Amino acid sequence: MRPIRDLSIKTKFTLAIISLLILMGSASFCISYMLEKNSLLKNMKSHAIVLNKALTISITSRKDIADKVRLQELVEEVSLTEGMFGVWVVDTNQRVIAATFREDVGKITESNIIPQVLEKGYYISGFDSRMGEKVFAAAYPLRIDGELCGAVEAVFEIREYLQTKKAFRKLILRQMDIDARIMAESLSYIIRKMEAVRKIVHLQRLVKKLAGESENIYEISVTDEDGRVIASNIEEKIKTIADNKWVRSVMSGSDLAAQLLPSQKLYIIAMPFRKGERLEGVIYVSYRADDYYKNLAKIFKFGLLLSIGSVIWGVFFAIQLSKPVISPLKRLTEVTKQLARGALEQRASVESRDEIGELALAFNKMAEDLKNSRDEIEKYSKTLEKKVEERTKELALEKDKIEAILKSIADGLFTIDRQWRITSFNEAAEELTGYKAEEVIGKKCMEIFKADECKRNCPIKKSIESGRACLNVEMSIFDKNNEKRAIMASAAPLMGIENKPIGGVEVFKDISEIKRLIANLEKTNWELLQMQEELKKADRAKTEFLSTASHELRTPLTTLLGYSELLLTRSLDEKTKEEFLTFIHEESIHLARLVNNLLDISRIEAKGEFEIERNHVQLLEIIQKNIHFFMHSTDTHRFITKFENNIPPVWIDPEKISQVIKNLLDNAIKYSKGGDITCCVYKKDGCIWVSIEDQGIGIPKEDLPYIFDKFYRGSRPDIVNMRGTGLGLSISKQIVEAHGGEIKVESKVGKGTKVVFNIPINGGQHEEDINRR
Amino acid sequence: MKKILIVDDEERVRRLIETTLDIGDFQIFQAKDGEEALKIAQEEKPALILLDIMMPGMDGFEVCKWLKNNSETKSSYIIMLTAKGQKQDIEKGYTVGADDYFVKPFSPMELLNKVEQVLGGSD
C-alpha cells in the first residue's frame, strides 16, 4: 500500500470529508449512547439511595422505641420477686432507661455502684442507700454484641440481714451476693437476647417487603458491622458472611460502591447505614439489568444505520466537489517542480478566476521575487565574506588584549563554566596556588582548592546562584603542596545571552601575612592594655604609700619632738627623764629602720637590683640580738627560741639579714595581741632555715598572693589603720632572694602566721660574683 | 576642774599629751581606741577631746561624726590631733564636725597654749 502522504490531493480531500462524516455519525451515536447509559444507571443508583435511607431510618428508629417499652415491661415483671427492692437499667451515660419506679426513667441514677461498673466493666456488689433506705445492690455490665452499652442493677432489701445475729450475717451476705449476681446476670442476658431477636426479625420482614415492591430488584441484603448478613430476601444468605468487594469497600469507609456486571446482567450498589458516626452495617442491593441491556441494543442498531448512510452520502459529495479543483493544481505542481530545479523563468498559466486562478497569479509573483532575491544574495554574499574576514581579525586582537590584561593583574584570577570547570587561570593564580594553568583547566574548582568553604561560603558559587557580584569573602584554600592559605576572594557571574550566567570569575589574593600581622597587633594591643592597667595599679599604690609613709614618719617624730621638748622645758625627776630618753631612743631606732626600708626600696626602684656586702657571720648572734631588743618593747608576748646545735657561720650581709629579722619580728608583735613568738633556726639541704611564728590574727587567704607586693597592706580595714608601710615583707623578700634563698608565708586567720626563709650556707651562686668583685 | 579626753592608739603619744597638760588644772581621761572614746565621752562629757585619726577599728573621723551627732556629746570641743596632715584630710576633719586641727609632730608648748585658750574663756 502507498503511504498516505503520497496520495493525490484529490484522494486526500475525499478521504478527509469521508472521515469527517464518519466521525460526526459516530460521535452522535456515542453521545446518545452515553447519555442513555448514564441516565439508566442514575435511575438505579437513586433508587438504591432511597432504599438505604428508608432502611436506615426504620432500623434505627424501631430499635430505639421498641427498646424502652419492652425493657420497662421486663423490669417491672422482675421487680415482683420476693425481697427485691428494685431493678434499674442504665445506659453508658448513667441515665436510667428502665426502672421499677417509672419516675426514675430518664434521670441520672443515684446508685454508687453503677458508675464503678461502667468504668471497670465487671460485676460489683455492695451496700448502698436508696431513697433513704439501706440496701444491698449488685450491678452487672450490659454488653450487646460485645460492646458495653449500659448496666443492670438489682437492689435487695436488707431488713432480714440487719435483724440477724452477727455470726450469721456473713452467710446471708454471701447468699445475697449470689442471688444478686444471678439476677443481674440473667437480666442482662434476657435484654441481650431480646435485642438480638427483635433486630433480626423486624429487619427481615422489612427487607422482604421492599424487595417485593420492584420486579427489577434481584437481592436486598443487610449486614451487621462485621459483614454478617442479618436480613436478606434470599433467605439462604442470612447468617453467612457477605464477602464481596462492594461490601468490603463500604466497610472500610467509602460511602458508596457501585458496579455494573455485564456478564451477569446485574447492577450492584452497596451503601453503609450509620448511627451517628458509627457504622452499623451495610445495605447491599443488586438490580436486574435486562431492560438496560435491551435498550442499549436498540440504540446501537439505530446508530449503525445512521453512520452507514452518512458515509455513502459523504463519498459521493466528495468526488463531485474535488473534480474542478484537482486538474489546475496538478499543472501548478508541474511548474513548481521545474522552478525548484532552478528554472526560475518558468511561469504558471492562469486558466480561471477562482481561488486556483489566484493561486497561479500569486505563484508567478513569487517566482519573480525569487529570481530577484537570488540575484541580490549573490551580490551580498561577496561583500559579506570580506566583512567576516575583517571582524575575525578584530576579534583576535581583542582576545590578545584581554589575555594581556588577565596576565598583568596582580591578584589571582580564574574563570569557570556552569559545570564548575576552570576555563582560565592567570599567572598570579599560578604563583599563589602552585598549580600551572594547564594542570587545572577543565577540572572542577572545588576539587583543586579542596576548601571546606567551597561547600557553603564559596563566593563564585554564591555569585552564580544570585546573579550578582559577591565581594571580599575571607576563606581558605589548599595550594598544590596541600598547605592552607588564607585568601580574600571576590567573584562575579559571567552573563551570557538572555542574561543567564554561563559561568563565573573569581579574583583572590593571599591574606595569610595580613592575618598574621593583625593577630600580632591584637596581641600587642592587649599587652599594652595590660601594662597600662599595671601602671595604673602601681600609681594608686604609690599615692597610698606616700600618705602612709608621711604618717609613719610623723608618728616617731611626734615622740621625738614632744619628749625632747618636755625634757628641755620642764624640770623632771631623774626617773622620768630616763624613761623619756628611752622613748626617744627606741623611736629613733624605729625611725632608722623605717628610713632604711624606704631607702632600700627607692634603691631597688632606681636600680632594679640590690647590693649586698657579704661576710662570714654567726647568724644566731644577729637573731639573738634582735630578739633581745624586741623583748623590751612588749610585755604581752613570750619569746621562744629553738636553735639547732652547730649552726655554721654564713656568707651573708649582716646588716641586711638583720633588717629581715627585725621586719619579721616587728610584724609578729604588731599583728598579734600577745602569746608566743617562736623563732627556729636549723640546717637542711645545704641551707640555714629561719622561721618566725606568731599566734596572731593571721592573714586571709585572698591576701596571701599579694603580701610580698610593695605597699600591700592587706584588705582588712582594721589593719590598714595600723602603723606600717607595707614594705617590710617586700624588702625582706628582695634581701633573701639576693642571698640566693627563698622566703615563704603560711598563715591561718585567727591562728597565726609563720614566715620561713632560707639562705645557702656557701652563699649559693652569688658567691662567685662576690669574689670577682 | 575641766575634763579632757585624749584618744590615741599609741600609748607613748597619750603619755606625752598627758605630761604636756599635767601643769594645767585639768582632769585627764585616756582612750586607746574609738569605742572606748565614745564610752568615756558619754559618761564624763569632757569639755575637750584630743582625737587621733588613724586607729584600728573605728577611725577618728567616724568617732568625731558620732560625737557631734549625739546630743549628750556634741558640746565637747574636738581637736583632731593627727599625723594625717594633707589638705584633704584637714578638710574632711572639719566636714565631720571637728572644731580644730593639730598636725603631728607637734610642740607640747603650742598644744598646751591651744588647750588653755580653748578652755580658758568659759572658765
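Analyst: Helices (H or I, at least four residues) and strands (E, at least two) are DSSP runs that are numbered from the N terminus. In those terms chain B has five helices and five strands, and from the N terminus on its elements follow the order β-α-β-α-β-α-β-α-β-α.

This is a predicted model, in which local features need a pLDDT of at least 70 and side-chain atom pairs count only at pLDDT 80 or more, whereas totals for chains, interfaces and linings use all residues. Residues are numbered from 1 along each chain as its sequence is written, while chains are lettered from A and ligands numbered from 1 in the order in which they are written.

On confidence, pLDDT is the predictor's confidence in each residue, on a scale from 0 to 100. Chain B averages 89, with 98% of the residues scoring at least 70. Within chain B the lowest confidence falls in helix H4 (residues 87–95), at a mean of 87, and the highest in strand E3 (residues 48–51), at 94. For the complex, the predictor gives an ipTM of 0.91 and a pTM of 0.40.

A residue is buried if 20 or more other C-beta atoms lie within 10 Å of its own, exposed if 12 or fewer do, and partly exposed in between, with C-beta atoms placed from the backbone. By that count, 37% of the 123 residues of chain B are buried. Two residues are in contact if their C-beta atoms, placed from the backbone, lie within 7 Å; among the contacts in chain B with a separation of 6 or more, 62% join residues 24 or more positions apart.

Turning to the partner, the contact between the chains takes 21 residues from chain B and 18 residues from chain A. On the side of chain B that touches chain A, the elements giving two or more residues are helix H1 (11–21) and helix H5 (108–120) of chain B, and H1(B) gives the most, with five residues. That side of chain B divides into 10 nonpolar, six polar and five charged residues, where Ala, Val, Leu, Ile, Met, Phe, Trp, Tyr, Cys and Pro count as nonpolar, Asp, Glu, Lys and Arg as charged, and the others, Gly among them, as polar.

H1(B) and H5(B) also pack on each other, at an angle of about 60° and with their axes 9 Å apart; axes are lines fitted to C-alpha atoms, for helices over the stretch in contact, and angles run from 0 to 180 degrees between N-to-C directions. H1(B) and H5(B) are therefore oblique to each other, since angles under 35 degrees count as roughly parallel, over 145 as roughly antiparallel, 65 to 115 as roughly perpendicular and the rest as oblique. Leu16(B), Thr20(B) and Leu21(B) of H1(B) make this contact with Pro108(B), Leu111(B), Leu112(B) and Val115(B) of H5(B), and by class it has six nonpolar, one polar and no charged residues.

A second pair in chain B is formed by helix H2 (residues 34–44) and helix H3 (residues 60–68), which pack at an angle of about 20° with their axes 10 Å apart, and H2(B) and H3(B) are therefore roughly parallel to each other. Here Gly34(B), Ala37(B), Leu38(B) and Ala41(B) of H2(B) meet Glu62(B), Val63(B), Trp66(B) and Leu67(B) of H3(B), a contact with six nonpolar, one polar and one charged residues.
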